[in-house]
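Visitor: I would like to learn how to read a structure step by step. Could you guide me through it?

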Amino acid sequence: MKIVCTKKLLKSVTPVFILREKEKPEKHLFFQQLSKSDQEQLHLFGKHTHLEGIYTHTVFLLSGRRALVMGIGKEYNHRKAIRTMRRIISVARKERMSSLVVNLGDFRAGKKVDVNTLAEILATQLELANFEFVMYKTKPKEGWFFVKEVHVFTPHVRNVQANLNTGKIIGEEINDARALSNTPGGDMTPQKLAEAAQGIGHRTGCKVRILTESAIKKLKMGGILGVSRGSSEQPRFIVMEYLKGKKSEKPIVLVGKGVTFDTGGLNLKQGNGIYEMHMDMSGGAAVIHTLAALVRLKVKKNIICLIPAVENMPSGSSYHPGDLLKTMSGKTIEVLNTDAEGRVILADALTYAERYAPRLVIDVATLTGAAMVALGQRASALFTTNTVVEKKLRQAGEVVGDLLWPLPLWEEYEEEVKGTFGDVANMGKTKYGGAITGAVFLWQFAKQYPWVHIDIAPRMTTIEGEYLAKGAAGASIGLLVSFVRDF
Ligand code: BES
Ligand code: ZN
Ligand code: ZN
């Protein structure tokens with residue numbers, strides 16, 4: 001989609017009027033820019049229509065153009081402004097409007113977000129809303145309908161275009177991650193995920209190394225080997241390196257869970273729990289595309305991505321409940337449940353991260369259903385003992401609309417994951433606080449550096465009413481790009 005800034009309303013584009021509660025179209029900046037007869041028509045529309053609550057109207061003007069008039073209801077805040085950006089695209093797609101003009105100022109809502117940041121967010125959100133996973137569908141005769149161009153009206157044309165371009169890059173990378181996550185398990189194996197990372201290496205110029213099973217064996221990554229044993233697909237360990245920061249600057253390491261399909265293993269998932277588990281590599285996709293965005297934005301930092309990629313399957317060769325796996329760290333994991341596989345593979349990745357002497361390690365994983373129970377589906381769970389980083393991450397998330405909410409990471413909880421026959425158990429002793437148990441387990445392998453864990457299970461898929469296509473939500477990429485750039 002083309003996203004360009006403009007100082008005037010072109011005749012061929014559909015103007016979008018975002019109106020507050022009971023506000024008339026006359027109040028909007030665009031009104032004065034229309035012809036007298038179009039103004040008259042909009043005036044009549046406003047006179048005869050209840051402009052209350054959240055509404056959408058298409059008004060056919062005498063000049064032949066249409067106007068999109070959208071009400072945002074009583075309260076307006078930054079979260080709602082972000083949702084409104086997406087709502088515009090959602091409506092435009094339904095109404096088959098291919099080019100729009102929106103007023104950047106319409107998205108200012110309370111929060112002190114400057115024009116440049118707002119432009120960036122707008123471009124990202126427009127891209128996100130214009131995405132749909134159609135790769136596996138037969139193309140209709142008339143083709144798929146996507147919005148072709150959005151003109152962004154602002155008096156500050158010069159700087160704003162650069163921000164729109166940045167936001168567009170971020171949106172594109174998030175959408176590419178959503179496409180990866182949406183790809184069915186049969187077509188998205190550990191090797192395919194590795195190839196996707198390699199593709200990004202070619203596209204952006206960052207270095208990508210793929211460790212195969214024999215290299216993983218040499219490294220004694222018993223967690224990864226254990227989980228992948230039940231599958232006919234071999235594991236991969238993906239390493240991406242982008243070192244454009246100062247030589248003396250320690251890197252930030254991003255670790256992503258890459259379970260390309262999670263059946264639960266011998267502790268086979270029940271009912272429809274297995275449904276959507278092809279998206280269990282969303283953490284991996286997120287860090288891969290966070291890096292891709294940072295490379296494209298030419299961020300001068302040292303960044304590493306690590307993705308342990310496996311398929312968790314039940315078979316005659318599967319790892320068993322009760323198995324004791326020796327990890328790369330030397331610690332043993334007591335497997336109490338083969339469905340708690342994410343933490344088992346991440347344990348090895350977190351140990352591997354030590355070799356970079358990182359200044360910060362952030363892992364992203366669709367780790368627990370319990371995080372969804374705790375938070376619902378509107379925020380990912382955040383765990384860290386570093387209060388400064390916690391604050392910065394949450395702030396970054398609030399600004400870009402990729403929300404986090406903290407849960408405790410306290411040593412008291414470590415009791416929960418003490419093993420009976422091994423060092424660390426991969427499940428807690430009670431049915432309570434499963435998201436915390438998952439985090440505390442990972443912590444046992446992340447004590448050598450400052451560390452953050454983000455459980456994106458709550459945000460694995462989009463939900464009704466957020467104006468995003470069904471399927472993967474692309475959580476944590478927007479927030480990580482924003483955080484890493486400024487860190
Ligand atoms: N991949 C799942 C977690 C998940 C569930 C993500 C639903 C997204 C939506 C993870 O591997 C898992 O199965 N976790 C178990 C852990 C339990 C066995 C301790 C869970 O959450 O039930
Ligand atoms: Zn699982
Ligand atoms: Zn899983």
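**The ligand and a helix pair**

Guide: By class, the shell around ligand 1 holds 7 nonpolar, 4 polar and 7 charged residues, where Ala, Val, Leu, Ile, Met, Phe, Trp, Tyr, Cys and Pro count as nonpolar, Asp, Glu, Lys and Arg as charged, and the others, Gly among them, as polar. This is a predicted model, in which local features need pLDDT of at least 70 and side-chain atom pairs count only at pLDDT 80 or more, while totals for chains, interfaces and linings use all residues. Residues are numbered from 1 along each chain as its sequence is written, chains are lettered from A and ligands numbered from 1 in the order in which they are written, and side-chain values use heavy atoms, with hydrogens and water left out.

Visitor: Which polar side-chain atom lies 2.9 Å from an oxygen atom of ligand 1?

Guide: A polar contact is a pair of N or O atoms within 3.5 Å, and here the side-chain atom belongs to Asp262.

Visitor: How are two packed helices described?

Guide: They are described by the angle between their axes and the distance between the axes. Helix H5 (residues 190-204) and helix H8 (residues 282-296) pack at about 0°, with axes 10 Å apart, and they are therefore roughly parallel to each other, a term for angles under 35 degrees.

Note on methods. Polar contact = N/O pair within 3.5 Å; in protein donor to acceptor, adjacent residues only side chain to side chain. Axes fitted to C-alpha atoms, helices over the stretch in contact; angles between N-to-C directions. Helix = DSSP H or I, 4+ residues; strand = E, 2+ residues; numbered from the N terminus. Parallel < 35°, antiparallel > 145°, perpendicular 65-115°, else oblique.
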